[in-house]
Amino acid sequence: MRQIEDYIPIVGQGTVDELLQLARHLDKKVIVNINSTAVGGGVAEILSRMIPLLNQLGVQSRWDVLKGDEKFFVITKKFHNGLHGVRVEITNDEYEWFIEVNRQNAKNLSFGDIVMVHDPQPIALVEQRATAGGKWVWRCHIDFSDPDQKIWSFLEQYVNQYGSAVFSAPAFARQLSIPQILVPPSIDPLSDKNKELPESTIDEVFARFKIDRSRPIVTQISRFDYLKDPLGVIRAFKLAKKHVDLQLVLAGGGATDDPEGPVIMQQVQEEASSDRDIFALFLPPASDIEINALQRGSTIVLQKSLKEGFGLTVSEAMWKGKPTIASAVGGIPLQITHKYSGILTHSIEGTAYWIKQLINESEYAKRLGANGKQHIRQNFLITRHLKDYLLLFISLFHEGNIVYL
Amino acid sequence: MAPFHFKTKLDQPHLLGKKASNLPELLSGIQSVPLASIYHHTHRYLRQHHFLSPEPPNDFGYWITEALNEALLGERISSVDIVHFATLEELRDAFTQILQDHLKATERSPTAPAGQEFHFIAARTYVLATPYVAQTPSELCTLLKQVDISSLHFHIFEARLGLGNKENDFSRWFRELGRTELADKITRLDPYTHTLEGLRNTLVQLVSADEAD
């Protein structure tokens, strides 16, 4: 298990000392996190890393999982799609079953001094707030910028019963009667996907895929689905390649629930087969080291998405010191300040233009990469996430704009 | 002589649920948000991008330039000399005046692309004690080299505009010690045109030079 001290060489002793200092303000407080899945998905991954670290800092933290039947999870999947703007129909019977499952779970759960409920699935547990006591926080990890109004109205009645809500990006905020706090997600610099790799490992991965490391390489790591715009990436690459020597790596898995996925994959494969400098790599799920190596060995990393949630692959690339060109969508503008810590683009032509610029002006590209890495170190590593959670927990016991601890 | 207690600060961003897609909406937001939001949008970059040089402008100027593509107005907003304002209310008025003048003078009304709206945020500030305490100017100089940049940020920026003191904490301390000339020199600095590390070095140099005299 990772120790909090393992992060000192990366973020400095001062940052870890600060976390320990904050943690002392939560002495004897018990924090209970509740979500709906123990494994798989971003929320479970974040909790599995954060809970042990919080406990090491001396904050008593627990993680419970809501239990539901198939019908419940079909309903919550509909919620999820509807909140992302997809048209769905939810019957009154389904709304009632959703509430009933939450009530049944509440009978078997014990709540602490602070109850942090993650995402919509367990949201109705807040009905227990009056009897259980404690401070209740709703932690929303999903994109709420354009929700189905009926589903949102249903959820809103519960959200407003919490003491505060936490969102990952400013665009996800709503008009609510409770405080809304911004806590962006983070990457773990010690995970397989982000840890330092020996040069030999990077060489081995590129050799395995027959990519020439002596020539410039642009890479996009993402699922092969329409929203990640792999075909737009190929067009940008072809425009740039008219003027600079270049190879393109598109690497990721397929999107199993995307009906357009197979069509996109086929088109990408066709493009790749007609150009020896395009490498379309369909990676299996456990390919973190390969992804890490591909990012580290690239000259430039792209994320030309048409739509994004937060887009943490951008932070992953920037953490590796790579000059990064990404679309100004979702949470990406939070991670990149244009021309300071990376490049934000809006079109295929703009992406091609900046690929050429960064290939030709390697000193500028290097500086962008260095600035980007520092920006991630300060703002998007798990230690910042821990600090935000500690402050959040502390804030529940204080009033006013300026709090002297 | 009262010792100088180094403090540090942490910010917790609160989303106000208010956004702007164009200049009239930005103006309306600037006029109505709490002052803590004006402070956040004019000081966030200093904290988050302290390693960058040159510093990016304030959030309003950056958004006008990058999302609305209004370079001239963006530059005017970015050039507002924050160091000259004694209160956040005056700073808010300055932004308001520039935007009102611009809107009167033009019929052009650019809109931000979808997804690039301006979201108003106000930070809640948490002040923490640090173990660093200086009894003398020479000790302060030594500790200035060691403290986290958040501490520097607190004593220079937060102390003045955030907490509403007349000048930064270092100038106040030196003034109380009777070191008026050094206090004046520190007050005259425009901290907004330095990176925080650059500011640290400048402060160390000023105090060291004064000690050597």
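How many residues of chain B are in contact with chain A? The count is 24 residues of chain B against 32 of chain A, contact being C-beta atoms, placed from the backbone, within 7 Å.

The model is predicted: local features need pLDDT of at least 70, side-chain atom pairs count only at pLDDT 80 or more, and totals for chains, interfaces and linings use all residues. Residues are numbered from 1 along each chain as its sequence is written, with chains lettered from A and ligands numbered from 1 in the order written.

**View 1. The side of chain B that touches chain A.** Strand S1 (4-20), helix H2 (35-48) and strand S2 (118-134) of chain B each give two or more residues. Helices (H or I, at least four residues) and strands (E, at least two) are DSSP runs, numbered from the N terminus. S2(B) gives the most, with 7 residues.

**View 2. Strand pairing between the chains.** Strand S13 (402-404) of chain A pairs with S2(B) in the parallel sense over 3 bridges; pairing requires at least two DSSP bridges. A:Val403 has B:Tyr126 as its bridge partner.

**View 3. The open sheet of chain A.** Six strands pair in parallel, in the order S9-S8-S7-S10-S11-S12. S9 (278-282) and S12 (343-345) of chain A are the edges; each has a single partner strand, so one side of each lacks a neighbour in the sheet. Twist averages 20° from one strand to the next (axes are lines fitted to C-alpha atoms, for helices over the stretch in contact; angles run from 0 to 180 degrees between N-to-C directions).

View 4. A:Ser327 stands opposite A:Thr345.

Methods. Two residues are in contact if their C-beta atoms, placed from the backbone, lie within 7 Å.
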